[in-house]
Amino acid sequence: MTRFIHDKFAKDYLEELLKDYGEVKASEKVSGEIKEIDVLFTPAKQQSSNIQILGLLGRFAQQPAIIEPYRNPASTDEICDCILKLLEIKALLRREAKTNKIKLQDSGIPKLWVFTPTISETRLSSFGTMQKAGWLSGVHFLPDALRTAIIAIHQLPQTQETLWLRLLGRGSVQSQAIIELQALPLDHPYQKATLELVYNLRENLRVNQELEADDRELIMRLEPLYQRDREQAIQEGNKQGEQRLVLRLLNRRIGEIDTSLIERIQGLSLEKLENLGEALLDFSSVADLETWLNQQSI
C-alpha cells in the first residue's frame, strides 16, 4: 500500500513548513480508543510575519490547528473520526483548565483542517458546509461550533497562495504544483527542503511493487526534474572546486586579492573559471587580473 508512504510524506512536509512558527507534533495520540492526530500545531507566542510566505497554509497556522491530510478522498466516516479527535482534544483542554482553575479561551482550542484531494458536493452537503467571505474557493466550513473546515484541494485556485496545499493533491493538481515549486527562486526558504522531500517520496514509491496510476505518473513527471537538479548539483560542486583552485593559484601568483575581486571570480561560470585558470599563468600583478575580469564583462 502506497498510502502509508504518502502519509509519511505529508507529515514530514507539514512539519518542515511549520516548524519555524510553532510546535509541531506528528502522530499525536488522543484519549478514548487509540487514535492519532496526523499533525497537531501550536503557534509560537510571537508569531513571525514570515508565515505569510506559506499563503493559505500559513493562515491556518495562525492559531492552534489539527491538520488531517488524506491521500485518497476523505470518506464520511474518516471526516467524522477527525471531528471526534478534535472534540476529544477540546474535552482534554477543558479538564486541564478546570484543574488549573482557569478559563479556557476560545483562541486556545484548535481548529480542524481536513485536507482531501477531491470531494463530492453530496458529501460536502451532508456536513452542512458553507463558504465564508474572505476565504478562497475550496475551503468549506462546517457550522461554527464544530471549528472544522474541509479543504478540497482540487477546487483551490492555481495561485502562489495555494501552492503549499496543492502539493498534497493528486494527479495533475500535484504535478502542476511541483512544476511551480521547481520554478521558485533558488533562494526561496522552502524550495530546496521541499524538493528533497518530494524526491524522497519518489524514491520510496519507486521501490514499491503496487503502484497506482497516479503514483506512476508522479514518478515519471519527477524524473526529469530530479535528474536536472542532480546534474546542477554536480556542476555546482565542480564549480566550487574550480573556484577554490583558481583562488589558491592566484594567491600564489600575484598575492592576496581583495574581497571585491573574489566576489567577481565567484560569479564566473564554470567555463570562464577554467579559462581564468589558464590565463592566470601569464599574470604578474593584480592589475592583470582586473583587466582580464573587465574583458569578460564586455
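Author: In helix α11 (residues 286–296), the buried residues include Leu289, Trp292 and Leu293. This is a predicted model, where local features need pLDDT of at least 70 and side-chain atom pairs count only at pLDDT 80 or more, while totals for chains, interfaces and linings use all residues. Residues are numbered from 1 along each chain as its sequence is written, and side-chain values use heavy atoms, with hydrogens and water left out.

Reader: Why is Ser175 called buried?

Author: Ser175 has 6% relative accessibility, so it counts as buried. The scale is: buried under 20% relative accessible area, exposed over 50%, partly exposed in between (1.4 Å probe, protein chains only). Ser175 lies in helix α6 (residues 171–182). Leaving aside neighbours within four places in sequence, Ser175 touches Glu217 and Arg221, contact being heavy atoms within 4.5 Å.

Reader: How do you know that there are zero disulfides?

Author: A disulfide is a pair of cysteine sulfur atoms within 2.5 Å, and the structure holds zero of them. Take Cys80: its nearest cysteine sulfur, that of Cys82, is 9.2 Å away.

Reader: What makes Lys101 stand out in its backbone?

Author: Lys101 has a positive phi of about 55° although it is not a glycine. Most residues other than glycine have a negative phi. Lys101 lies in the loop between α3 (76–99) and β4 (111–116), and at 77% it counts as exposed. Arg147 also has a positive phi, about 50°, and is not a glycine. Arg147 is placed in the loop between β5 (139–141) and β6 (148–152), but at 11% relative accessibility it counts as buried.

Reader: How many aromatic pairs does a search of the whole structure find, and why is the pair of Phe60 and Phe115 called tilted?

Author: The search finds nine. For Phe60 and Phe115, the centres are 6.0 Å apart and the planes at 40°, so the pair is tilted. Rings of Phe, Tyr and Trp (its six-membered ring) pair if their centres lie within 6.5 Å; planes under 30 degrees apart are stacked, over 60 edge-to-face, the rest tilted. This pair links distant parts of the chain, with Phe60 in helix α2 (residues 55–60) and Phe115 in strand β4, 55 residues apart. Phe60 is buried at 0%, and Phe115 is buried at 1%.

Reader: What sits over the ring of Tyr226?

Author: The charged end of Arg202, 3.8 Å from the ring centre. The rule asks for NZ of Lys or CZ of Arg within 6 Å of the ring centre and within 35 degrees of the ring normal.

Terms used:
Helix = DSSP H or I, 4+ residues; strand = E, 2+ residues; numbered from the N terminus.
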